[in-house]
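Biologist: Please put the structure up, and let us go through what some of the labels rest on.

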Amino acid sequence: MNERKGDFLDYILSLDQGTTSSRAILFDRRGEIVSKAQYPFHQIYPQPGWVEHNPLEIWATERRAMAEAVRSAHADPHSIAGIGITNQRETTILWDRKTGKPIYNAIVWQCRRTAALCDQLKAQGLAEQVAETTGLLIDAYFSGTKIKWILDAIPGARARAERGELLCGTVDSWLIWNLTGQHVTDYSNASRTMLFDIRRLCWDESLCHALGIPMAMLPRPVDSCQCYGRVKPGLAELEDFAGIPVCGSAGDQAAALFGQGCFQSGQAKNTYGTGCFTLMNVGETPVRSRAGLVTSVAWSIGGRTTYALEGSVFNAGSTIQWLRDELGLISSAPECDRLAESVRDSGGVFVVPAFTGLGAPYWDMYARGAMVGLTRGTTKAHIARAVLDSIAYQVADLISAMRQDLPVTCLRVDGGASVSDILMQTQADLLRISVDRPVMVETTAFGAAALAGLASGLWRDQEEVSSLRRSQHVFLPQREQAACEEDYRQWKRAVARAGNWMEK
């Protein structure tokens with residue numbers, strides 16, 4: 001695949017385009033981080049429950065991060081064997097085929113503006129078709145209704161789309177198109193649109209028709225590990241990157257599953273990021289959940305497709321940010337840990353961070369955040385502890401649902417909040433299984449790097465990739481099970497208080 005192959009090709013550059021920042025991480029042959037760069041971008045909230053990003057800002061910050069990561073390592077861009085991309089999934093962008101100019105802001109995965117449209121689709125009897133074909137549930141979380149909303153809301157957009165003038169895609173497509181000029185998306189991202197047949201691995205014509213989405217504007221679905229194109233010459237800040245193959249791509253959660261080395265059926269991971277996402281490898285045959293989870297493509301390599309059972313928590317690390325930025329109770333994320341560790345427990349306080357609804361297994365678009373159990377003796381330390389507990393409870397909800405289909409004996413963890421010892425210990429106590437945190441928690445970025453590394457020949461096979469992972473700490477259950485079960489029962493009561501809050 002790579003005529004540039006040689007001993008001088010020592011690096012893989014991973015682009016980790018997230019919900020709040022664009023990052024680039026340079027990995028060496030040992031799978032270790034050489035350098036990284038990160039640039040935040042604006043969060044746009046036009047109305048309550050609506051979330052948007054500026055696609056041009058996403059591209060500019062990612063481009064800047066790429067250049068900075070390589071420059072700070074004093075590396076020659078021509079020593080990069082390939083580029084892997086991982087991205088916030090479901091976030092949707094429509095742009096002009098000729099000019100590359102977006103016709104509207106990116107509608108973010110967290111956005112709930114299409115909840116009423118989802119209700120209409122359910123009323124039309126599409127729920128079973130969506131579940132059977134796509135592995136998903138009808139929800140505003142996914143991309144399909146976001147595309148329809150933009151086509152309906154922007155004057156002339158639908159006519160332009162039908163004339164073939166517009167393209168659409170998730171953030172992976174947007175970045176690959178800007179880097180190479182190719183309009184593609186890997187199967188893992190395609191399977192999060194609510195438009196993709198996960199068995200036939202193609203867009204479903206009837207679902208596209210039901211949502212009024214011209215199929216010509218959709219990207220070409222491709223494997224997660226192949227050359228999609230090469231960096232174009234003349235890109236601002238990336239002049240020296242021309243010719244580097246872009247050869248690995250997976251949505252952030254699939255990339256984390258791959259980066260954690262969860263290559264066997266039954267292995268699971270959870271990423272503690274803005275949201276929480278628990279995925280379990282279920283092998284080469286999709287499994288339909290009995291408990292409100294969804295089934296997606298995890299990755300496809302050499303024509304062999306691996307599927308995952310998944311549960312999503314919409315607000316996890318973002319709840320810590322809420323404590324810091326909106327309430328002003330903490331000045332940094334580590335302070336949340338210090339406060340939480342200063343009290344024995346939450347003092348009976350429960351926080352349900354349903355700021356943008358509840359994901360799996362509840363799928364309640366109309367839930368909103370709640371804090372219950374407050375007394376005059378409640379301190380900010382109790383609230384900080386309740387916030388960390390809320391993250392662990394939500395993951396416990398997902399694992400409980402997952403266990404209805406397959407046993408989970410160990411949870412591998414990553415993401416920003418996984419550095420919190422108190423959170424990881426609480427998680428192990430609730431789940432009654434080991435929680436395994438790796439030395440290198442940047443497993444999402446590494447997953448994309450690994451896919452690109454396999455495509456470019458930097459690594460031989462998945463066994464070699466798996467050997468690069470090392471555990472930093474394994475948390476085992478310590479607290480009495482009966483006490484944990486009582487707390488979890490109280491959590492369920494709190495969730496019930498938050499449910500259906502905005503439903504009219």
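Biologist: In β2, which residue is the bridge partner of Gln17?

Modeller: Ser22 in β2 is the bridge partner of Gln17. This is a predicted model.

Biologist: How do you know that strands β1 and β2 pair?

Modeller: Two strands count as paired if there are at least two bridges between them. β1 (residues 11–17) and β2 (residues 21–28) have seven bridges, in the antiparallel sense, so they pair by that cut-off.

Biologist: What makes β3 and β13 edge strands?

Modeller: The open sheet of six strands runs β3-β2-β1-β5-β14-β13, with mixed pairing. β3 (33–40) and β13 (229–230) each have a single partner strand, so one side of each has no neighbour in the sheet.

Biologist: Which helix packs on the sheet?

Modeller: Helix α6 (residues 171–180) does, touching β1, β5, β13 and β14. The direction of α6 makes about 145° with that of β5.

Biologist: Why is the span of α12 called close to the expected one?

Modeller: The expected span is 1.5 Å times one less than the number of residues. α12 (residues 380–402) has 23 residues, so 33 Å is expected, and α12 reaches 34 Å from its first C-alpha to its last.

Biologist: What makes α12 mostly covered?

Modeller: Buried means under 20% relative accessible area, and 21 of the 23 residues of α12 are buried.

Biologist: Which residues touch the most other members of the largest nonpolar core?

Modeller: Tyr272, Val352 and Leu411, out of 138 residues. α12 gives the most to this core, with 15 residues. A second, separate core has 37 residues, including Val70 and Tyr228.

Conventions
Residues are numbered from 1 along each chain as its sequence is written. This is a predicted model: local features need pLDDT of at least 70, side-chain atom pairs count only at pLDDT 80 or more; totals for chains, interfaces and linings use all residues. Side-chain values use heavy atoms; hydrogens and water are left out. Helices (H or I, at least four residues) and strands (E, at least two) are DSSP runs, numbered from the N terminus. Contact means heavy atoms within 4.5 Å. Axes are lines fitted to C-alpha atoms, for helices over the stretch in contact, and angles run from 0 to 180 degrees between N-to-C directions. Buried means under 20% relative accessible area, exposed over 50%, partly exposed in between (1.4 Å probe, protein chains only). A nonpolar core is a set of buried Ala, Val, Leu, Ile, Met, Phe, Trp, Tyr and Cys residues joined through side-chain atoms within 4.5 Å.
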